[in-house]
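Let's take a look at how charged side chains pair up in a protein chain. Have the sequence and the 3D view handy as you read.

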Amino acid sequence: MTITWFTENYPPHKGGMSRSCDRIVANLRQHHRVDVFHFTNKRPAFTKEAHDNGAYVSMPIFEDTSHTLNVLWAFIKDHELIKSSAVFTAFGSHLCLKGITLMGNWLQKPVMICFRGNDFDTAIFSNKKQDVLYAIEKASAIACVTSEKVARIKTMQLNPNVYFTPHSINFENWQILKADVDLAETLKASLNLKESTMVIGLIGFLKQKKGIDFFIDVLRKSELSKTVHVHIVGEIEPHIEQDLKDHQLSYSTIVPTSKTELIANYRICDAVAIPSIYDGMPNVIFEAAALDIPIIASKAGGIPDVLTEENAFLFDMFSELSLLQSLSAFKKTAPDQRQFKARRLKTRIKTSFTTAQETQNYLAIFNQITP
């Protein structure tokens with residue numbers, strides 16, 4: 001079988017969705033040919049590369065979305081890779097939602113739409129939500145990274161073929177090396193913190209949906225306010241840094257340039273916070289688990305699919321009291337018991353969220369929707 005995979009999220013782009021896309025495609029290529037059509041301006045337009053059991057083609061992005069998709073259609077409608085394709089996959093992007101289901105129908109190819117998180121959340125409340133409604137209704141199958149999105153889409157009664165396809169992580173790629181440990185010690189020393197200071201990490205592209213404003217506001221009212229350091233690893237909006245200054249919270253920021261640097265910055269943290277208002281299934285959960293870092297998180301989106309009271313410190317979204325209680329519980333829990341929670345989470349992921357299971361979830365859908 002040849003799978004044609006359309007996405008805006010694939011290397012050399014950085015971020016959790018690109019890492020997820022790369023992992024899923026690589027694992028699927030152990031079973032079938034996968035040709036990736038990547039919307040990107042980071043490579044010359046229409047660049048084609050041969051990959052193991054597949055190909056890579058870069059598609060240009062223009063300011064006008066309609067022009068971008070018309071260029072895609074002109075390029076693929078008679079393309080040799082498309083002629084041999086058994087199924088189209090649209091992986092988490094607004095360009096995919098606007099165009100791939102329609103093009104798949106024109107070319108009489110079954111289409112699987114993959115909803116990861118913000119793609120659905122943003123599109124469904126857009127003034128132009130007819131794009132996502134058409135994609136849902138006309139897709140051959142819909143793969144969702146969270147069970148709550150499965151439930152919401154099923155209740156729309158547009159398409160019964162909705163499947164839960166949760167994240168995974170390859171723990172072998174997150175082994176802690178001596179270089180990681182040494183760099184973490186150097187970075188920690190550079191912060192000049194008191195030994196009693198607890199470091200809470202906020203990691204990733206900290207968009208508005210991540211609830212950072214709420215978290216900072218509650219953190220300054222908590223028992224930890226005078227003994228906590230907020231370590232921001234990734235990109236933040238300017239007003240967040242100003243809030244930290246205004247609330248006189250100790251903080252630091254860094255944008256890692258390598259995986260070693262990312263792992264080292266994780267290891268600085270006594271806990272990682274994920275205070276999302278709405279979300280998919282954050283990669284930070286899996287990365288923190290791989291590195292044995294305890295997690296403080298809201299019960300948003302796909303987070304409760306993985307985290308429980310037994311393996312993390314959870315709180316209710318928008319509940320100041322609930323977050324204060326979670327922060328207090330974290331502070332009062334002995335370090336060995338925090339590590340016990342972190343190890344429980346790692347065990348759960350190793351058991352229920354493996355790369356083999358993730359791959360089989362996709363293969364089962366492809367087998368169902370292809371002749």
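What follows is a short tour of some salt bridges, with a stop at one serine at the end.

## The overall picture

First things first: this is a predicted model. Side chains of opposite charge can pair when their charged atoms come close. A search through the whole structure turns up 19 salt bridges.

## A buried pair

Start with Lys 210 and Asp 279, whose side chains meet in a salt bridge with 2.8 Å from N to O. Lys 210 sits in the loop between β9 (198-203) and α9 (212-219), while Asp 279 sits in the loop between β12 (271-274) and α12 (283-290), so this pair ties together parts that are 69 residues apart in sequence.

Are these two buried or exposed? Buried means under 20% relative accessible area. Lys 210 has 15% relative accessibility, so it counts as buried. Asp 279 comes in at 4%, so it counts as buried too.

## A loop meets a helix

Next up is the salt bridge between Lys 221 and Glu 320, where the closest N and O atoms are 3.2 Å apart. Lys 221 is in the loop between α9 and β10 (228-233) and Glu 320 belongs to helix α14 (residues 320-332), so the pair ties together parts that are 99 residues apart in sequence.

How accessible are they? Glu 309 is partly exposed at 43% relative accessibility, and Lys 299 is partly exposed at 34%.

## A network of four

Which residues are linked in a network here? They are Asp 121, Glu 148, Lys 149 and Arg 152, which salt bridges link together.

## Back to helix α14

Helix α14, where Glu 320 is found, also holds Ser 328. Ser 328 is buried, with a relative accessible area of 12%.

Notes
Residues are numbered from 1 along each chain as its sequence is written. This is a predicted model: local features need pLDDT of at least 70, side-chain atom pairs count only at pLDDT 80 or more; totals for chains, interfaces and linings use all residues. Side-chain values use heavy atoms; hydrogens and water are left out. Helices (H or I, at least four residues) and strands (E, at least two) are DSSP runs, numbered from the N terminus. Buried means under 20% relative accessible area, exposed over 50%, partly exposed in between (1.4 Å probe, protein chains only).
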